[in-house]
Amino acid sequence: MSDTKRRPRIGLVAGGLGAYWPQFPDLLPTLKQSSAYVSERITGFDAEIVDVGFISDAQEGAAAAEKLRAAGCDLIVGFLTTYMTATMLMPIAQRSGAPVLLINLQPTESMDHATFDTGQWLAYCGACPLPEMANAFRRAGVEFRSVSGHLRDERAWAKIGRWISAAAVRKVLRHGRHGLMGHLYPGMYDVSTDLTMVNAHFGGHVEVLEFDDLRVRVEQVTDADVAAKVAEAESVFELDASVNREDLEWGAKVAVGLDRLVADFDLDSLAYYHRGLDGETHERLGAGMILGASLLTARGVPAAGEYELRTSIAMLIMDVLGAGGSFTELQALDFERGHVEMGHDGPAHLAISAKKPLLRGLGVYHGKRGWGVSVEFDVAHGPVTLCGIGQDREGRYSLIVSEGEVVDGPLMRIGNTTSRVDFGRDPGEWTDEWSASGVAHHWALGVGHRAAELRAVASLLGVPLVEVGR
């Protein structure tokens with residue numbers, strides 16, 4: 001996915017009470033200087049900024065609201081530079097159609113109390129209107145969120161950065177095109193997904209595809225196309241001696257067809273499954289997906305097997321956050337070492353592998369028809385976060401999150417991604433709590449501790465977040 005499609009549009013409005021300006025002539029220039037700094041910092045987060053300037057009264061607030069509404073922002077940042085009334089920001093919060101983040105960043109860590117006069121103090125008074133805004137927003141049914149600090153407080157900017165990253169996720173999902181190809185893996189009730197609910201919770205579009213959409217494209221792939229994709233695979237993967245050349249070339253041919261399918265339908269993610277029968281074409285296509293799906297995932301178009309639409313979306317969320325996001329399920333518990341072993345057969349996010357990923361040849365795919373090449377690796381050791389999309393009986397979605405550490409230990413060599421995750425607690429107790437959270441049996445595993453970012457994502461998406469602790 002291009003950087004442009006992921007770059008959020010951030011609306012910025014700064015304000016203060018106009019009654020102060022004639023009383024304290026030096027105050028407004030000081031506040032506008034702070035506002036310019038905030039604008040510059042937000043642009044530095046790789047965000048497009050719509051800066052509507054400084055407002056001083058309710059009329060200017062209403063005019064700013066119309067500009068921001070027309071701009072179609074993914075997040076509005078309201079900078080409280082000093083005291084201002086709620087009526088100045090309420091129209092913006094109500095009309096913009098975007099979530100609002102209020103920031104209170106005073107000029108420095110503390111005032112110089114011995115020398116400051118009233119005008120200088122007022123530049124530090126952004127905290128004063130924050131409870132007023134919160135109260136008014138709550139009474140109006142507007143979701144409230146804020147960050148307080150000082151202009152060069154990197155802790156505050158890290159928090160603001162999380163909200164901007166969350167806005168990028170919101171943008172991608174609102175405009176996302178999610179491919180769903182094939183049919184449900186028989187019997188997987190937890191995986192079945194109502195396409196209307198995807199749109200209702202996240203926006204975007206689900207493109208219903210058939211394996212024939214892939215078949216016709218694979219049939220058009222030339223020998224030269226296959227050779228180029230094989231060369232790409234040989235540069236990306238270590239090839240195990242078990243890899244059959246004919247199977248590798250078939251996987252490469254399907255990979256080229258997948259590239260064209262994604263381009264033709266402008267897909268941001270893909271979930272797929274086809275059972276097939278007796279080695280017919282559709283079975284061979286389904287079995288040949290792993291190489292191409294893994295290469296797609298590594299370049300920012302997550303692909304998940306077993307028709308796992310909600311997990312392909314969770315993988316996309318993690319990828320937008322810069323965490324990768326690999327298709328994952330439970331594999332075993334190691335009570336001796338205190339680890340949870342997890343991973344999956346099929347496509348994986350190559351960018352988060354601990355080392356050069358391996359292609360292994362398999363004569364049988366467990367639980368699935370067909371044979372061919374499969375991806376094997378361990379996720380890079382260090383902090384990781386799991387993210388799944390749960391659903392309750394009323395149809396409501398939630399983000400299910402848990403942070404852990406990928407650690408060293410023995411791994412299976414069976415053509416699967418497999419990692420050992422230490423959650424700092426008894427693996428059986430963690431597994432019971434994780435399973436009771438409402439998560440399905442698949443999720444995305446990404447690198448880094450991302451719970452704070454995912455809390456912001458959940459807030460902007462308007463869905464609950466359930467965190468399974470360490």
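Here is a tour with a few stops, in a model that is predicted.

Start with strand 11, residues 324-334. On one side, strand 11 is joined to strand 18 (residues 443-447) by 4 bridges, and the two run antiparallel. Click on Gly324 and look across to strand 18: its bridge partner there is Gly446.

Now select strand 12, residues 339-345. This strand also runs antiparallel to strand 11, with 5 bridges joining the two. Pick Leu333 and you'll see Val340 of strand 12 standing opposite. Strands 11 and 12 make a hairpin with 4 residues between them, and in that turn Gly338 has a positive phi of about 80 degrees.

Most residues other than glycine have a negative phi. Go to Asp46, in the loop between helix 3 (27-43) and strand 2 (48-55). Asp46 isn't a glycine, yet its phi is positive, about 60 degrees. Then jump to Asp278, in the loop between strand 9 (269-273) and helix 13 (281-287). Its phi is positive too, near 55 degrees.

Last stop: Tyr124, in the loop between helix 6 (118-122) and helix 7 (130-140). Tyr124 has a relative accessible area of 12%, so it counts as buried. Show what surrounds it: beyond its neighbours within four places in sequence, Tyr124 is in contact with residues including Gln106, Pro107, Met111 and Phe116. Finally, select Leu80, which is 44 residues from Tyr124 in sequence and 9.9 Å away in space, C-alpha to C-alpha.

How values were computed: Residues numbered from 1 in each chain as written. Predicted model: local features only at pLDDT ≥ 70, side-chain atom pairs only at ≥ 80, totals over all residues. Heavy atoms only, no water. Pairing = 2+ DSSP bridges. Buried < 20%, exposed > 50% of the residue type's maximum accessible area, 1.4 Å probe, protein only. Contact = heavy atoms within 4.5 Å.
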